[in-house]
Amino acid sequence: MSAATTRSRTARTPVPDRLCAEAVDLARAAAEEAAAPGIVGEHVAVVSEGDRVVTHFFECQEPGYRGWRWAVTVARASRAKYVTLDEAVLLPGSDALLAPEWVPWSERLRPGDMGPGDLLPTEADDIRLEPGYTGEDEPPPNSAVSEMSQEMADLVDAEDAELTTRPATTSRGSIAAVADELGMRRARVLSRYGLHAAADRWDEAFGAKTPMAQAAPASCVTCAFLVPLAGSLRQAFGVCANEFGPADGHVVSLSYGCGGHSEAAVMPKPPKPAPHALDTVQADEYPLRPARDSGSVPAEPDEPTEDLGHS
């Protein structure tokens, strides 16, 4: 049992060939030729790759390549006395600095990365989109729905006839015209997944769990600066139109809020000033001479008095 175990281990990890293991100088010269003088460091290990095939490992002194090693493989033919060079490569060690795993551009793209002139293609099976109405599924020409639509279009055109020449468009009253008016005549529209993904992003940026909303006096659902969206997202989102608010021009959740709420701090009306005590507008009339009865000295002389005997 012991001999079988020994043979099994020997088959997996053969003993390094003596001549190949001693060819350290040959391996170093090959590593310095591939790198540069001074980049190849100390000899750190010898690994047997097979019968008369050995790999020598040297430290890498190149800045930015911590933990990497120069690996030079040498070999010797059967019954030959000379060792020959196989290859020299730079390999990462167990503690080497490695670049992050490569990620496709479609997964690396982040909001705000696009610039003027950049194009962002969408895949044909993008789960955020689903087929929209383009007019290709119009009813057959001989169906009852098609005849009714044509009659309605003729009536509308007759009642709204114009003398000027108009560009060729879809017939008014047709399904395609109604789709144009409703904004549905698109090749693809947002799928339910696309709507939910957008709602999650918007709620994370401007939702009820943000610090701004937690400290707000009221939510956006009661704010006069909220412009509601159309469609199903109207029930949960709108656009902020407060130029002084932190979310101006952004889609916000109805549960979001900030200090710029229209009813948070209504400024009181300025108090009405009290009327002046003195009328400073109208001219006051003053007589040139005082009235006869306005003074303290009577205007009429006193009655004659008796002679007091004074001379």
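Tutor: Two strands pair if DSSP finds at least two bridges between them. Helices (H or I, at least four residues) and strands (E, at least two) are DSSP runs, numbered from the N terminus. This is a predicted model, where local features need pLDDT of at least 70 and side-chain atom pairs count only at pLDDT 80 or more, while totals for chains, interfaces and linings use all residues. Residues are numbered from 1 along each chain as its sequence is written, and side-chain values use heavy atoms, with hydrogens and water left out.

Student: How many bridges join strand 2 to strand 3?

Tutor: Strand 2 covers residues 53-60. Strand 3 covers residues 68-75. The two run antiparallel, and the number of bridges joining them is seven.

Student: Is T73 buried or exposed?

Tutor: Buried means under 20% relative accessible area, exposed over 50%, and partly exposed in between (1.4 Å probe, protein chains only). T73 is found in strand 3. Its relative accessibility is 8%, so T73 counts as buried.

Student: Which residue in the turn between strand 1 and strand 2 has a positive phi?

Tutor: Strand 1 (residues 40-50) pairs with strand 2 in the antiparallel sense, over seven bridges. H43, for example, has F58 in strand 2 as its bridge partner. The two strands form a hairpin with two residues between them. The turn residue with a phi of about 60 degrees is R52.

Student: Why is strand 2 called largely enclosed by the rest of the structure?

Tutor: Count its buried residues. Strand 2 has eight residues in total. It is largely enclosed because the number of them that are buried is six.

Student: How far apart are the closest N and O atoms of R76 and D17?

Tutor: A salt bridge is a side-chain nitrogen of Lys or Arg within 4 Å of a carboxyl oxygen of Asp or Glu. R76 lies in the loop between strand 3 and strand 4 (84-92), and D17 in the loop between helix 1 (2-12) and helix 2 (18-21), so the pair ties together parts 59 residues apart in sequence. R76 is buried at 16%, and D17 is buried at 13%. Their closest N and O atoms are apart by 2.8 Å.

Student: Which residue does R18 meet in a salt bridge?

Tutor: R18 counts as exposed, at 55% relative accessibility. The N to O distance is 3.6 Å, and the partner is E22.

Student: What type of aromatic pair do W202 and F237 form?

Tutor: Rings of Phe, Tyr and Trp (its six-membered ring) pair if their centres lie within 6.5 Å; planes under 30 degrees apart count as stacked, over 60 as edge-to-face and the rest as tilted. The structure holds three aromatic pairs. In this one the centres are 5.6 Å apart and the planes stand at 80 degrees. So the pair is edge-to-face.

Student: Where does F237 lie?

Tutor: W202 lies in helix 7 (residues 192-205), and the pair ties together parts 35 residues apart in sequence. F237 counts as buried, at 5% relative accessibility. F237 lies in residues 237-240, which is strand 8.

Student: Over which ring does the charged end of R69 sit?

Tutor: A charge sits over a ring if NZ of Lys or CZ of Arg is within 6 Å of the ring centre and within 35 degrees of the ring normal. The charged end of R69 is 4.3 Å from the centre. The ring belongs to F57.
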